[in-house]
Amino acid sequence: MKELIISVNNEKDLKKFYKKIWQYKLFKNTIFKLNDNTYEIENIITALNIKNRRKRIEYIYDNACNYIDNYFKDKNICGFINNQCFTQRGTSNCNGCCRICKYQSNKGCTTANLCCKLFFCSEVRKRYKVIEYKDLNILRVLTWQQRVLIKSNYFSSREEILIDLYIGSLLVGSIRKSYRIVKTLFFSKK
């Protein structure tokens with residue numbers, strides 16, 4: 001395998017690099033090296049060096065989830081007290097936005113859903129600086145269809161989302177998502 005050294009010395013180089021990511025994904029027999037990690041793109045280089053498509057998607061997804069988890073570690077941004085968030089106090093509801101999700105438990109979410117991790121109600125947005133999709137540069141390695149699929153897969157398991165991302169079709173992803181929504185609504189009625 002040949003090596004290609006990525007040189008990102010300023011903002012202009014960084015923009016060029018982001019524009020070329022789709023081309024770099026086509027390089028099957030190339031290992032990418034980074035000359036400097038000033039702009040924290042090492043995780044993108046690692047993703048580009050994973051040549052197996054399924055493993056690359058898993059790495060990108062897990063890396064983004066871990067970034068969010070580490071950012072909010074030891075922070076109670078939803079203000080949970082007795083299983084009620086800021087907006088639920090004084091009502092009979094509990095578990096915040098996750099109250100209808102089948103993956104919720106007493107210890108939090110039992111699956112890693114990137115879409116859910118990036119959902120914040122207006123109350124949380126007023127009180128804290130939150131992470132948005134644009135802050136997760138690793139997602140630039142995905143296709144635009146995959147990024148659209150990630151943004152709309154609420155109440156789905158990590159495995160279901162990874163399958164949608166691997167298929168990469170908006171049509172198939174939408175059908176699978178609609179099925180999961182109907183299933184979730186049916187589950188919440190019980």
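Helices, as the term is used here, are DSSP runs of H or I with at least four residues, and strands are runs of E with at least two. In this predicted model, one loop lies between helix 3 (53-71) and strand 3 (104-105), and D74 is found in that loop.

Helix 3 was examined for its length. At the start of the helix, a side-chain oxygen of N52 comes to within 3.0 Å of the backbone nitrogen of R54.

The burial of helix 3 was considered next. An α-helix has 3.6 residues a turn, so residues three or four places apart point the same way. The buried residues of helix 3 include R56, I57, I60, Y61, N63, A64, C65 and I68. The buried residues of this helix pack against helix 2 (42-49), helix 4 (114-117), helix 6 (144-151) and helix 7 (158-167).

Most residues other than glycine have a negative phi. D74, although not a glycine, has a positive phi of about 60°. N83, which lies in the loop between helix 3 and strand 3, is likewise not a glycine and has a positive phi of about 65°.

The accessibility of these two residues was also computed. D74 has a relative accessibility of 78% and therefore counts as exposed, the cut-off for this class being over 50%. N83 has a relative accessible area of 44% and is therefore partly exposed.

Technical notes. Residues are numbered from 1 along each chain as its sequence is written. This is a predicted model: local features need pLDDT of at least 70, side-chain atom pairs count only at pLDDT 80 or more; totals for chains, interfaces and linings use all residues. Side-chain values use heavy atoms; hydrogens and water are left out. Buried means under 20% relative accessible area, exposed over 50%, partly exposed in between (1.4 Å probe, protein chains only). Contact means heavy atoms within 4.5 Å. A polar contact is a pair of N or O atoms within 3.5 Å; within protein, one must be able to donate a hydrogen and the other to accept it, and residues adjacent in sequence count only if both atoms are side-chain atoms.
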